[in-house]
Amino acid sequence: MRRRDLLQALALSAPMVSAGRLMAAPQTPARLLVVFLRGAYDATNVIVPISSPFYYEARPTIAIARPDPANALAALPLTNDWGLHPALKDQIWPLWQKGQVAFVPFAGTDDMSRSHFETQDTIELGQPLGGARDYGSGFMSRLHGQLGGGAMPIAFTAQMPLIFRGGAAIPNIAINQVGKPGVDARQARLIEGMYQGADLAGAVAEGFAVQGEVYQSVSTEMTAASRGAVAPKGFELSARRIARLMRASFNLGFVDVGGWDTHVRQGGSTGYLADRLGELGRGLAGYADELGPDAWNQTVVVVISEFGRTFKENGDKGTDHGHGGAFWVMGGAVRGGRLLGRLVELTPANLNQNRDYPVLNEYRATLAGLFRRLYGLSAPRLAAVFPSAAPLDLSLV
């Protein structure tokens, strides 16, 4: 990391520290973690439309078989019309059976650009389409502002994500790349001296404390885990680290997971997408396990992506950029075991532009409805988070 970037990151960390220590557990009971699947995951092969003949016609090589107890590669039954990808059998399906995960198909933004970067920006900003964008105002930053002092936010990313831009400064850390701080105690004192008397002096000094304490927390966990145990890999390891930090010190978090752009050789019940889903499922289940029952019962995890993918498979046995997708909402207090929102039968006539899912559950309205229930936010406060959005109450919690 360049020195300028390091100083900026350290300064951003400061508001989360008191007297050189990570602050105690937040007073606001609800924890919220937003997981952004960058690259546009294929929701159609995750929440599988098992009752649709059109689905099996449109995906001759990558479709997931209808539920069959004798077939380990078949979809897992959710309802008479929908199934779950078998890669999620051991992690997410048990949460569904406990009523701790709900799915919202046909969800997303009305942005029709089908551009990863533009639509990711649209989602993270949470601003109405059609006007000038304010890139200094992400919707989780605005939510933080409306929640007041009880909200303790953090981004588990290498750079500050757009979703948390604006408002009060918050810490960010790439949880999957935690290493010994690149600035030792002597260098820290020199940098603090450079800022002596400046407005950022306190922020820089306390920022070093955040970095050091997070490193200490993670390194202690890694040492304990190495005692004869098989270390978890990939997102599972990151998710367990996130759970430890959010259980102790934070209640408003964001993490992104890449690798969901499946134009070529996507696979069906096995293959590239299935492997990614297995890793994601293990991570989310590990997050819940690491929090423990009490904290999990006060936690909501929302899994989103910029858009879905085409309903029909392409000539390379993959899927291309689409439109509507599916959101996941998980947590011990979530009223799950349900598919929620407006649903339609999957026929050629009901596709968007004859190629992909329509957006029937607009994401700002969906999240506004969740935030109203989760935090008891009034209409003016919700409007500050998602301007011009009418909350859609799906009774998620």
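Author: The questions below concern a predicted model, and they proceed from aromatic rings to strands, helices and loops.

Reader: How many aromatic pairs does a search of the whole structure find?

Author: A pair of aromatic rings is described by the distance of the centres and the angle of the planes. Rings count as a pair if their centres lie within 6.5 Å. A search of the whole structure on this basis gives a total of 15 aromatic pairs.

Reader: How is the pair of Tyr-55 and Tyr-56 classed?

Author: The ring centres of Tyr-55 and Tyr-56 are 4.7 Å apart, and their planes stand at 80°. Planes over 60 degrees apart count as edge-to-face. The pair of Tyr-55 and Tyr-56 is therefore edge-to-face.

Reader: Are Tyr-55 and Tyr-56 buried or exposed, and which residues form a cluster with them through ring pairs?

Author: Tyr-55 and Tyr-56 are both buried.

Reader: How is the pair of Phe-371 and Phe-386 classed?

Author: The centres of the rings of Phe-371 and Phe-386 are 6.0 Å apart, with the planes at 15°. Planes under 30 degrees apart count as stacked. Because the angle is 15°, the pair of Phe-371 and Phe-386 is stacked.

Reader: How many residues apart in sequence are the parts that Phe-371 and Phe-386 tie together?

Author: Phe-371 and Phe-386 are both buried. Phe-371 belongs to helix 11 (residues 363-375), whereas Phe-386 is in the segment after helix 12 (379-385). The pair therefore ties together parts whose separation in sequence is 15 residues.

Reader: Which ring has the charged end of Arg-276 over it?

Author: The charged end of Arg-276 is 5.2 Å from the centre of the ring in question. A charge sits over a ring if, among other conditions, CZ of Arg is within 6 Å of the ring centre.

Reader: Which residue of strand 11 stands opposite Val-104?

Author: Strand 7 is mostly covered, with eight of its eight residues buried. Strand 7 pairs with strand 11 (residues 325-330) in the antiparallel sense over six bridges. In strand 11, the residue opposite Val-104 is Phe-327.

Reader: What is the bridge partner of Ala-107 in strand 12?

Author: Strand 7 also pairs with strand 12 (residues 361-362), here in the parallel sense over two bridges. In strand 12, the partner of Ala-107 is Asn-361.

Reader: How are helix 5 and helix 11 arranged relative to each other?

Author: The axes of helix 5 (residues 139-147) and helix 11 come within 13 Å and cross at roughly 25°. The crossing is right-handed. Angles under 35 degrees count as roughly parallel. The arrangement of helix 5 and helix 11 is therefore roughly parallel.

Reader: Is Arg-114 buried or exposed?

Author: Arg-114 lies in the loop between strand 7 (101-108) and helix 4 (116-125). Its phi is near 55°, a positive value in a residue other than glycine. Because its relative accessibility is 15%, Arg-114 counts as buried.

Reader: Is Arg-265 buried or exposed?

Author: Arg-265 is in the loop between strand 9 (252-257) and helix 9 (272-291). Phi of Arg-265 is also positive, near 45°. With a relative accessible area of 63%, Arg-265 is exposed.

Terms used. Residues numbered from 1 in each chain as written. Predicted model: local features only at pLDDT ≥ 70, side-chain atom pairs only at ≥ 80, totals over all residues. Heavy atoms only, no water. Buried < 20%, exposed > 50% of the residue type's maximum accessible area, 1.4 Å probe, protein only. Helix = DSSP H or I, 4+ residues; strand = E, 2+ residues; numbered from the N terminus. Lys NZ or Arg CZ within 6 Å of the ring centre and 35° of its normal. Pairing = 2+ DSSP bridges. Axes fitted to C-alpha atoms, helices over the stretch in contact; angles between N-to-C directions. Parallel < 35°, antiparallel > 145°, perpendicular 65-115°, else oblique. Left-handed = near helix turned anticlockwise from the far one by under 90°.
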